[in-house]
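Dear colleague,

A summary of the findings follows it.

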Amino acid sequence: MQHNKSHTLSEATKTLENYCAYQERCHYEVVQKLRQMRMIPQAIDEIVAHLIQENYLNEERFAKSYARGKFNIKKWGKERIVRELKLRQISVFNIKRALTEIDESDYLNTLDELAKKKLEQIREPNIHKKKRKLADYLLYRGWESHLVYEKLTELIGDKAF
């Protein structure tokens with residue numbers, strides 16, 4: 001059972017300072033957290049303004065950190081990163097800025113490594129099915145379709161398309 005504890009403005013502000021200091025957050029996540037705490041809209045606005053002013057909350061910094069992390073750690077492609085940032089209501093401007101954090105040669109090398117590693121794991125004798133499984137895997141992870149199909153052709157040939 002959850003307690004419906006009400007928070008004072010200063011308690012909620014302190015809680016959210018800690019929440020944002022722990023890891024980068026976007027405005028959307030902060031507002032959701034404050035709503036869960038049952039804060040009124042005026043209090044939410046005031047706390048969000050405070051967090052921005054004190055640099056606990058910075059949408060561009062969040063977007064760049066998110067893009068770098070999801071690419072480096074989870075090996076996501078740009079389409080998946082963009083989709084996830086849009087879900088968090090990040091502006092198109094900040095999404096574009098975030099994508100500049102990903103080095104183009106690192107990006108293509110990562111796709112190459114990911115595709116080769118996955119291809120070795122696919123135990124499918126039928127070349128068409130093998131190609132489809134690899135394509136589905138890479139597309140799900142958010143790699144652009146033209147890059148995926150170029151990579152498939154390079155690794156398996158163009159027999160299946």
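Lys 75 lies in the loop between H4 and helix H5 (78-87), where helices are DSSP runs of H or I with at least four residues, numbered from the N terminus. Its phi is near 60°, a positive value in a residue other than glycine. At 30% relative accessibility, Lys 75 is partly exposed, that is, between the buried class (under 20% relative accessible area) and the exposed class (over 50%), with a 1.4 Å probe and protein chains only.

This is a predicted model, in which local features need pLDDT of at least 70 and side-chain atom pairs count only at pLDDT 80 or more, while totals for chains, interfaces and linings use all residues. Residues are numbered from 1 along each chain as its sequence is written, and side-chain values use heavy atoms, with hydrogens and water left out.

Asn 55 also has a positive phi, of about 65°, although it is not a glycine. This residue sits in the loop between helix H3 (41-53) and helix H4 (59-72) and is partly exposed, at a relative accessible area of 45%.

As to the fold, the protein chain contains 9 helices and 0 strands, a strand being a DSSP run of E with at least two residues. Its radius of gyration, taken over C-alpha atoms, is 21 Å, well over the 15 Å given for 161 residues by the globule rule, so the chain is more spread out than a compact globule. That rule is 2.2 Å times the number of residues to the power 0.38. The C-alpha atoms fill a box of roughly 65 × 40 × 20 Å along the principal axes. Buried residues make up 40% of the 161 residues.

With kind regards
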